[in-house]
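Subject: Structure handover

Hello,

Here is the structure for your files. My notes on it come after the model.

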Amino acid sequence: MTVMENLEMGAYARRGRVRWSDLMPSIMEIFPILAERRGQLAGTLSGGEQQMLAIGRGLAAAPDLLMLDEPSMGIAPILVDRIYETIAEINRQGVAILLVEQNANYALDVSKRGYVLETGEVALTNDSAQLRNDPAVQRAYLGT
């Protein structure tokens, strides 16, 4: 499927809350590379571009909550910064974000609250600023 077909599939189950034609410009504004590649096969995109497409496909459903699993996995560090800037912007626009991420630095930068899981159990929970400043968290998870 092409980039555009993927985005249209994200909008498929939207149930008419927002028209696709109204959503597409905002998704293309968030991810201009997708506009440039709209006719390209999605499987030929780079890892970072595929991650942008996955997020764009989720946004095409006009969600109240966007769930993201490891958005930084397997992509170049420069693109990770761009992905997380975009996640923060999406949240500022009113979409709640549920983020699962091993990179605690990025996760705590864009979140309001954090939960640290160890072997499937919640080991710590607090607002993100408190977790970032916790010496135990800094040693164990932030590499400081």
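The notes below go from the whole chain to single contacts.

This is a predicted model, in which local features need pLDDT of at least 70 and side-chain atom pairs count only at pLDDT 80 or more, while totals for chains, interfaces and linings use all residues. Residues are numbered from 1 along each chain as its sequence is written, and side-chain values use heavy atoms, with hydrogens and water left out.

Overall: the protein chain has eight helices and four strands. Helices (H or I, at least four residues) and strands (E, at least two) are DSSP runs, numbered from the N terminus. Their order from the N terminus is α-α-α-α-β-α-β-α-β-β-α-α. Along the principal axes, the C-alpha atoms fill a box of roughly 50 × 30 × 25 Å. Of the 144 residues, 36% are buried, where buried means under 20% relative accessible area, exposed over 50% and partly exposed in between (1.4 Å probe, protein chains only). Contact means heavy atoms within 4.5 Å. Of the contacts between residues at least 6 apart in sequence, 55% join residues at least 24 apart.

Strands: β1 (residues 65–69) and β2 (residues 96–100) run parallel and are joined by five bridges; two strands pair if DSSP finds at least two bridges between them. L66 stands opposite I97 in β2. Between β1 and β2 the chain passes through helix α5 (residues 77–92), in a right-handed β-α-β crossover. Right-handed here means that, with the strands pointing away from the viewer, the path from the first strand over the helix to the second runs clockwise.

The pairing of β3 (residues 113–118) with β4 (residues 121–127) is antiparallel, over six bridges. Y115 has T125 in β4 as its bridge partner. These strands form a hairpin with two residues between them, and T119 in the turn has a positive phi of about 45 degrees.

Helices: α1 (residues 3–11) packs on α4 (residues 47–59) at about 35 degrees, the axes being 7 Å apart. Axes are lines fitted to C-alpha atoms, for helices over the stretch in contact, and angles run from 0 to 180 degrees between N-to-C directions. V3, N6, L7 and G10 of α1 make the contact with L53, G56 and R57 of α4.

Helix α4 also holds E49. Why does E49 count as buried? Because its relative accessibility is 13%. Leaving aside neighbours within four places in sequence, E49 is in contact with I33, L34 and R37.

Regards
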